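Biologist: I would like to know what stands behind the labels used for this model. Please set each value against its rule.

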Amino acid sequence: MNGVHPKTYKLEKTRRHEVQSWTRATKQSLCLMWQKVKIQLMLSMSFLVAVFWYCRRLYGFLAQLLKRWSNYLQRKLIKNHSVLAEVDLLGYSAREWKGETKQAKHMREAYNELFWNYHIKYLRQVKKDNYCVLRAVLFQILSQGIPFPSWMRERDILKLPEKLLYSQGCNWIQQYSFGPERYTGPNAFGKLRKCMETLKTNWIEISGTKDHEERGNMCNALFSDESKEHKLYEAIKFVMLYEVVEAYEQIKNREEPIPHLFSLLLARDTSSDPLSFMMNHLNSIGDSGCLDQVEIFLLGYLLEVKIRVYRLHRFNTEDFQVNYPDEYRREWNEVSLLTEDDHYYHIPVIRT
């Protein structure tokens with residue numbers, strides 16, 4: 001034992017054994033703790049991965065939902081905005097009339113003619129439906145601040161339905177149809193009065209607004225409200241009917257001469273009297289038909305505006321540019337239309 005006392009040696013051996021036992025116990029404890037910690041870490045990591053995956057899926061879902069909602073709102077606004085903002089005329093022509101067909105070349109030449117020789121630099125697209133002409137004309141009248149026609153100021157247009165029904169005995173106006181609504185019946189009189197109120201109220205309010213930008217905003221709002229829009233057009237249609245009734249009565253009673261456009265209108269087999277005019281022409285406007293050429297004459301006459309129309313399909317003929325009516329007063333304001341087919345119309349914008 002190298003001079004070491006047996007008791008001392010035994011004590012040291014016992015201590016080493018205790019140290020080794022304590023070390024092993026500590027290692028085992030640490031291993032057990034590490035196992036538990038590792039399990040907790042793995043569970044935590046799994047939870048975090050699951051949360052991350054869920055959040056990523058949720059983010060993707062919300063982003064897709066937001067995109068769809070944004071597209072829906074955009075389509076909704078575009079759909080409801082029946083007169084769009086200005087676009088470059090030649091750019092529009094290039095997009096709409098691609099290719100080298102005879103018709104495409106003809107249309108591009110017509111647009112070039114408008115751009116270079118008529119100073120029409122921009123175009124406002126108008127919703128393509130059977131109210132198109134009425135929309136394009138009335139939008140310009142209101143956006144320019146053109147006042148109520150003189151004859152409408154002299155008479156209370158709200159009483160026109162009542163006058164036709166009671167004073168002139170036109171009880172057949174109950175067969176009046178409200179465009180795509182196709183409503184006819186005993187409530188036609190009340191609906192017509194609401195249409196006349198909408199026309200008068202909005203026309204006076206907008207034309208009385210002097211600030212051009214504010215007036216433009218009011219027009220954009222009005223022509224984005226389909227219900228109000230249709231009331232405006234139905235009111236105009238009824239005023240057309242009223243004017244035809246007045247002219248027809250003057251012809252029957254051989255009173256003062258009437259404008260030639262009424263003779264043209266009543267000379268048609270399908271509109272030889274006010275009832276046939278309403279049934280065969282007016283009732284379909286806004287639904288299955290639009291205004292004929294002679295009816296655009298009547299429209300300009302009763303609204304007291306000169307309607308200048310550029311008919312692109314008639315380019316290089318004397319009918320390329322026409323005025324409705326052809327007989328107009330010098331003090332009348334002017335609005336312009338552009339058409340490719342005498343069916344749908346857009347608004348040309350002149351820049352000098």
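Biologist: Why is Glu304 called buried?

Modeller: Its relative accessible area is 16%, and buried means under 20%, with exposed over 50% and partly exposed in between (1.4 Å probe, protein chains only). The value of 16% is under that limit, so Glu304 counts as buried. The model is a predicted one, in which local features need pLDDT of at least 70 and side-chain atom pairs count only at pLDDT 80 or more, while totals for chains, interfaces and linings use all residues. Residues are numbered from 1 along each chain as its sequence is written, and side-chain values use heavy atoms, with hydrogens and water left out.

Biologist: Where does Glu304 lie, and what is its phi?

Modeller: Glu304 is in the loop between α12 (293-303) and β3 (305-311); helices (H or I, at least four residues) and strands (E, at least two) are DSSP runs, numbered from the N terminus. Its phi is near 55°, a positive value in a residue other than glycine. Most residues other than glycine have a negative phi, and most peptide bonds are trans. His119, in the loop between α3 and β2, also has a positive phi, of about 60°, and is not a glycine. With a relative accessible area of 38%, His119 is partly exposed.

Biologist: Which peptide bond is cis?

Modeller: The one from Tyr324 to Pro325 is cis, with omega near -10°. Pro325 is in the loop between β4 (321-324) and β5.

Biologist: What makes Asp342 buried, and which residues does it contact?

Modeller: Asp342 is at 18% relative accessibility, which puts it in the buried class. It sits in the loop between β5 and β6. Leaving aside neighbours within four places in sequence, Asp342 is in contact (heavy atoms within 4.5 Å) with Gln293, Arg311 and His313.

Biologist: How do you know that the side chains of Asp342 and His313 make a polar contact?

Modeller: Their distance is 3.1 Å. A polar contact is a pair of N or O atoms within 3.5 Å; within protein, one must be able to donate a hydrogen and the other to accept it, and residues adjacent in sequence count only if both atoms are side-chain atoms. At 48% relative accessibility, Thr201 is partly exposed.

Biologist: Why are Arg351 and Glu86 said to form a salt bridge?

Modeller: The rule asks for a side-chain nitrogen of Lys or Arg within 4 Å of a carboxyl oxygen of Asp or Glu. Arg351 and Glu86 have N to O at 3.0 Å, so the pair passes. It links distant parts of the chain, Arg351 in the segment after β6 and Glu86 in strand β1, 265 residues apart. Arg351 is partly exposed at 36%, and Glu86 is partly exposed at 35%.

Biologist: How many salt bridges does the rule give, and what about Glu249 with Lys252?

Modeller: The count comes to 18. Glu249 and Lys252 have their closest N and O atoms 4.0 Å apart and are counted as a salt bridge. They are three residues apart in helix α9 (residues 226-252), which means about one helical turn between them. Glu249 is partly exposed, at 27%. Elsewhere, salt bridges with shared partners join Glu100, Lys105 and Arg108 into one network. Within it, Lys105 and Glu100 meet at 3.8 Å, N to O. Glu100 is exposed at 59%, whereas Lys105 is partly exposed at 38%.

Biologist: How do you know that the buried residues of α2 line one face of the helix?

Modeller: In α2 (residues 89-96) the buried residues are Leu89, Tyr92 and Ser93. Seen down the helix axis they fall within an arc of 100°, so they line one face; the arc is that of the directions from the axis to the C-beta atoms. These residues pack against β1 (83-88), α3 (102-117), β2 (120-126), β5 (333-339) and β6 (345-350).

Biologist: What makes Asp88 a cap of α2?

Modeller: A side-chain oxygen of Asp88 lies 3.3 Å from the backbone nitrogen of Leu90, at the N-terminal end of the helix.

Biologist: Is Lys27 buried or exposed?

Modeller: Lys27, in helix α1, is at 52% relative accessibility and therefore counts as exposed.
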